[in-house]
Amino acid sequence: MPFDLSGHLIYLLSLILERQAETPLNNRQQLTPLFTRLKEHAARNPLQFHIPGHKKGQGMDPEFRDFMGERALSIDLINIAPLDDLHHPHGPIQEAQKLAAEAFGADHTFFSVQGTSGAIMTMVLSVCSPGDKIIVPRNVHKSVLTAIILAGGHPVFVHPVMDEQLGIAHGVTVQDVERTLRTHPDAKAVLLINPTYYGIAGNLAEIVETVHRWNIPVLVDEAHGVHTHFHERLPLSAMQAGADMAATSMHKLGGSLTQSSILNIRSQRVNPRRVQSIISMLTTTSTSYLLLASLDAARRHLATRGKEMLDRTLSLAALARERINAIPGLNCVGREILGSDAVYDLDETKLTIHLKGLGINGYDAEKWLRSRWNIEVELSDLYNILCIITPGDTPETIDTLVRALAELSREYYTAGRRNRISIRLPDIPELVLSPRDAFYAKTTTVPFDESAGRIIAEFIMIYPPGIPVLLPGERITRTNINYIREHMRVGLPVQGPEDPEIRMIRVIDE
């Protein structure tokens, strides 16, 4: 008789799930149901007559195959029955997501292979319908505004608190959020950033408590905070603070592969079935099992060894901060900047290095470190560079960074000189049309430098991290134009319009 492979697999699956259900929670986090299933599948070495066409690397460019390695290519698979389906999880993917929910204190967790941007868009589309208002900080990522356009929503902006010393935006205050809610009591949700790109966290728990008095959900862009849940010296995670949804980037600081993230939710104010439906709408049907497996393994690593790893990471960051602050002309900020709702806590693994006495901007410093020391930083702006310290660092990597910064200081520092910082964040422009109406309106192109007073139909964003200066539907001001040109003059990436040189801009044809 022929061997009934499908029946055998179903039997094995039932045994695995039964064994996992009997395992205590702390031991369950040692399991990797999806990663384990993929390894078992690769070990069986089935004859593949399905995509991907490279078939374990045999049908691809040999140099690329050799560089990637046979093991990785053996689990570059698709949603065949034994491996479950991210769009309708009922096997190892479902179990892996349940383990992630337990690890993060969520009611439900969804895996995203569309990055945190996909998870953020899912959050917004889950709560926002055409015409609905959603309260957001002005320094949100472009994915938030993309989702608002897709939803046909109406953004209500809250200005973040600006740091006059560092020249960066922090969080929003409880008072500003409450004031905005009183002005717009019909808002359907509030979206927050926790922590910011620079590692600054606001008083998230108090804001969540305040928003919940209106009985609307709190959505959190947690792209830079996956590790905060696993150490008491780090800011509260979104789930710890009581938020309803959090788009959490596992790949940035959690050890998974680039483009893999998770979406954590509490179901009191959010319908998990609607979330599943929307994330499926936004997700490719050719989901990457390499990304999914890395999420499964990264969750295990954080849940079982996160505290230990972060103890060591925080010690390395403290050493780096102390040594950098001894270098003339540099200031690596620490907990001394805390003391307000907008600057309530700090992720100390983020090294914001202020170039207060070097006479160069952050972009110059980034290029110098790249060319002279082969060091790549996380980001640069007009006044700072940002370096992140992770479990992947060692005393040797810290020492190299410090020595490079010391040489940078020797080359550019002059005693008594300070960078002149003129902190300017343009006022939030007038929103004349909804972003969606503006995006799809009849448009014309005009010279950008002559566009003051026109209604823009495109995005203009400063990278990184992709914060909008102008978005579709807003009236352009001379201040906006000057702000953008200043960033372009120093070489910082400004993106968004169809014209990459931003000589011409698309505006509403009035």
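Okay, let's start inside a helix: Ser143, Val144, Leu145, Ala147, Ile148, Ile149 and Ala151 are the buried residues of α8. "Buried" here means under 20% relative accessible area, "exposed" is over 50%, and "partly exposed" is in between, with a 1.4 Å probe and protein chains only. Before I go on, this is a predicted model, where local features need pLDDT of at least 70, side-chain atom pairs count only at pLDDT 80 or more, and totals for chains, interfaces and linings use all residues. Residues are numbered from 1 along each chain as its sequence is written, and side-chain values use heavy atoms, with hydrogens and water left out.

Back to our helix. α8 covers residues 142-151, and seven of its ten residues are buried, which makes α8 mostly covered. What do the buried residues of α8 pack against? They pack against α7 (115-127), β2 (133-137), β3 (154-158), β4 (189-193), α16 (435-440) and β16 (467-470).

Now let's zoom out. The protein has 17 helices and 18 strands. Its radius of gyration is 24 Å, close to the 24 Å that the globule rule gives for 510 residues, so the protein is as compact as a globular protein of that length. That radius is taken over C-alpha atoms, and the rule is 2.2 Å times the number of residues to the power 0.38. As for the helices and strands, those are DSSP runs numbered from the N terminus: H or I with at least four residues for helices, E with at least two for strands.

If you put the C-alpha atoms in a box along the principal axes, they fill roughly 85 × 55 × 50 Å. Of the 510 residues, 55% are buried. Then there are contacts, meaning heavy atoms within 4.5 Å. Take the contacts between residues at least 6 apart in sequence: 72% of them join residues at least 24 apart.

What about charge? You'll find 51 positive and 58 negative side chains, and the centres of the two sets lie 1 Å apart. Lys and Arg count as positive, Asp and Glu as negative, while His and the chain ends are not counted. Each charge is placed at NZ of Lys, CZ of Arg, CG of Asp or CD of Glu.

Next, the loops. Which residues does the cis peptide bond with an omega of about 5° join? Isoleucine 51 and proline 52, and proline 52 sits in the loop between α3 (33-44) and α4 (62-68). Lysine 56 is in the loop between α3 and α4 too, and its phi is positive, about 65°, although lysine 56 is not a glycine.

Another cis peptide bond links asparagine 194 to proline 195, with omega about -10°. Proline 195 lies in the loop between β4 and β5 (200-201).

Glutamine 259 also isn't a glycine, yet has a positive phi of about 90°. Look for glutamine 259 in the loop between α11 (250-253) and β8 (261-265). Its relative accessibility is 42%, so glutamine 259 counts as partly exposed.

Last stop: asparagine 331, in strand β9 (residues 331-332). Buried or partly exposed? Partly exposed, because its relative accessibility is 24%. Leaving out residues up to four places away in sequence, asparagine 331 touches Asn325, Thr352, Ile353, His354 and Lys356. Compare that with glycine 57: C-alpha to C-alpha, asparagine 331 and glycine 57 are 49 Å apart in space, and 274 residues apart in sequence.
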